Amino acid sequence: MMDKDIRKVENMTYDDSRRIFLKYFLAGTAVLAFETSGLGKLGTMVSRVGAAPKVSPYIAQQEPGKGFPQSIASGDPTDSGMMLWTRVDPSLETGFSNIEINSKLIYWMEKPGVKNDPSLKEEIENGKFVMFEVSKTEDFSTVEVSGFSPIWKEYDNIVRVDLDTMLEPNQVYYYRFITKSGLVSNTGKSKTLPSVDSDVHSATIAYISCQDYTNGYFNALRHLADEEIDFFLHLGDYVYESVGDASYQGGLKDRRINLPSGKSKAFTLEDYRTLYQTYRSDHDLQKLHENHSMVAIWDDHEFANDTYYPAVAPDDNQESDPGRRLFANQVWFEYMPARVPYDSSKSFEESIKIYRSVTIGNLATIFMTDERLYRSAHPCGEGQLDRYFTNGCENRNKSNRSMLGFNQRDWFIKELKNTDSTWKIWGNEVQVTQLKLLNRFFNLDAWDGFPYERDVIAQTVMNEGIQNFIALTGDFHTFEASYLQYDYNDSGEKYGVELMVGSVTSSNLREAIRNILQEVPDTSSPIPNGAVSELVRTLQTTLGSLSTLTAELLFKELQNIIKVENPWIELFDSTTHGYALLTLTKSKAICTAYSIDNIEKPQSTKSLLWQCEIPNGEVDIIVNKDNHILEV
Ligand SMILES: [Fe+2]
């Protein structure tokens, strides 16, 4: 039990010098008065105070974890804070109705000269808020920052707190939440970034993508939770909207998801919430969030496969479905500890803006882009074989096609030109480098479908003399290390490097081929099943036998062809799952990819898949042939 902790809370005093903050969502018409903050209807506002609150602190009375079924999370670290997140069990705490907030925008806690909102004080005393505590020590013996934040009833009983501007740079903090009834969350750990204008010598970030809960255990995440990193990037497919046919009797029975709508894909608000609730009930994912802060962008499956503007889900409906997209946007906002504006009263594409950047002193700037909300349709049609394993078409090269949308592209180009950071890291959703197989485009859902805009980015980097440009990519369930080239031919000028991470659990190409041959349903193949079937037929024809070819032989042939036809790809592995680390120093960047030996059991071992080094000032991928971890 935690008697010691309870005593500490009971004895805690709120001295005059302590900064106490209240952050909560804005709601109601008067929000417009605060629009200069760049935040929308569900934005956050901060109030700093220097004296004790008149409301009494909540007291921890339970074992940590009870009442917080999705545990906790932190994200979007800055040099002075981070976002904190939790969700309180709605069967235990009723939460605060944003309708009740009305125009009462903010509650200042005992700041001299400020008249507090008495009704909000009453709500805090009624237990519709949580108390959050932030400490430099794991036992919370001293508390650096504390305050109350609403449990948002209309937003699935979640809690979002933004501590930006409130903490010290380059410092590890512990945090937890306590309810009025004495429920206390697990303790989370998060690290602020070094001061933006400081000289930083090294940093390590992890990056992951594609974690289909139904397809395997999150073993990779458990291993990543134990790594020494500054924070991790999630490059998308945090959830999969498709849960497959619940009547399917194979696979992992304890990881099936039944959606409230009864459908095999998420369509309703409650469907999307069920996905996030279920994923976040996974102890490995919880442990990862408890140990490290996340900076996340979405890819397609947070809404629907291969989606593009205006909210089209081409596998489900050729028409726009803005209502479904708004549900997906809202739930992403509810569950992600991301510092992004959100306003549900606006159209789906204006309701949220997730592209943003992170700065690690003078060492690196990381640009996180949104490649789904604003992008053009697929260039050559929406059939599976128009999107994948296709000959292409004239429309592919059109200059009016955009992956980023023109506003985001302008932002990205401007940011790239203006940054003085040593390393320019692009948190990117889909493959940048060209990928052809038997002279057909493998994937026009990736940047191969947007060559004009890809060239605009390449020209910016080359013409501006931008060095040390690295794209970190997910989506394709494959580990790759490749050269970014202006032209994808033998003489194409190299201007950067792409380091793709494989999936946490989603099917890789070898598994996709195996599943097609064995007629096993596959909801998270990197290319749709119809395209995998065509690929298998073509490979069978190439190899000249229809009956004796195993998935392994077909995959080896595929890998051989890829290496020959795409010489800019230095490393390619689509046989495993895992995660990758990127260590940045003044002299080099080191990418270390880890492989997990299985996803079928909840136990696993990790091993080094590969490691490569990119020297400062050079476009060069130096593969570590010794197969041991380099010392930085
Ligand atoms: Fe994926």
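Reader: Why is Cys 591 counted as buried?

Author: In this predicted model, Cys 591 has a relative accessibility of 3%, and since buried means under 20% relative accessible area, Cys 591 counts as buried.

Reader: What makes Cys 380 and Cys 393 a disulfide, and where in the chain are the two residues?

Author: Their sulfur atoms are 2.1 Å apart, and because the cut-off is 2.5 Å, the pair qualifies as a disulfide. Cys 380 sits in the loop between strand E16 (364-368) and helix H8 (384-387), while Cys 393 sits in the loop between strand E17 (388-390) and helix H9 (406-418), the two being 13 residues apart. A search of the whole structure finds one disulfide, and with -90° about the S-S bond the link of Cys 380 and Cys 393 is left-handed.

Reader: Which residues hold the iron ion, and what makes them donors?

Author: The protein donors are Cys 210 through SG, Asp 237 through OD, Tyr 240 through OH and His 477 through NE2, lying 2.0 to 2.5 Å from the iron ion. Because a donor is an N, O or S atom within 2.8 Å of the metal, these atoms count as donors of the iron ion. In sequence the donor residues follow the spacing C-x26-D-x2-Y-x236-H. Tyr 240, in the loop between strand E11 (231-234) and helix H5 (269-279), and His 477, in the loop between strand E21 (469-473) and strand E22 (479-485), are 237 residues apart and link distant parts of the chain. Both Tyr 240 and His 477 are buried, and Cys 210 counts as buried too, because its relative accessibility is 1%.

Reader: Why is the arrangement around the iron ion called irregular?

Author: The four donor atoms subtend angles of 83 to 174°, whereas four donors count as tetrahedral if all angles lie between 85 and 135 degrees. For square planar, opposite donors must be over 155 degrees apart and all others between 65 and 115. The arrangement is irregular because of the angles that the donors subtend.

Reader: What makes Thr 460 a buried residue, and which residues is Thr 460 in contact with beyond its neighbours within four places in sequence?

Author: Thr 460, which lies in helix H10 (residues 451-463), has a relative accessibility of 9%, and because this is under 20%, Thr 460 counts as buried. Leaving aside those neighbours, Thr 460 is in contact with Ile 413, Lys 417 and Ile 466.

Reader: How confident is the predictor in the chain, and where does the pLDDT fall below 50?

Author: The mean pLDDT of the chain is 88, and 86% of its residues reach 70 or more. Over residues 1-52 the pLDDT is below 50, although this stretch has 156 contacts in the model beyond near neighbours in sequence. Residues 100-112 also stay under 50.

Notes: Residues are numbered from 1 along each chain as its sequence is written. This is a predicted model: local features need pLDDT of at least 70, side-chain atom pairs count only at pLDDT 80 or more; totals for chains, interfaces and linings use all residues. Side-chain values use heavy atoms; hydrogens and water are left out. Donors are N, O and S atoms within 2.8 Å of the metal (3.2 Å for Na, K and Ca); water is not among the atoms, so sites may look incomplete. Four donors count as tetrahedral if all angles lie between 85 and 135 degrees; four count as square planar and six as octahedral if opposite donors are over 155 degrees apart and all others between 65 and 115; anything else is irregular. Helices (H or I, at least four residues) and strands (E, at least two) are DSSP runs, numbered from the N terminus. Buried means under 20% relative accessible area, exposed over 50%, partly exposed in between (1.4 Å probe, protein chains only). pLDDT is the predictor's confidence in each residue, from 0 to 100. Contact means heavy atoms within 4.5 Å.
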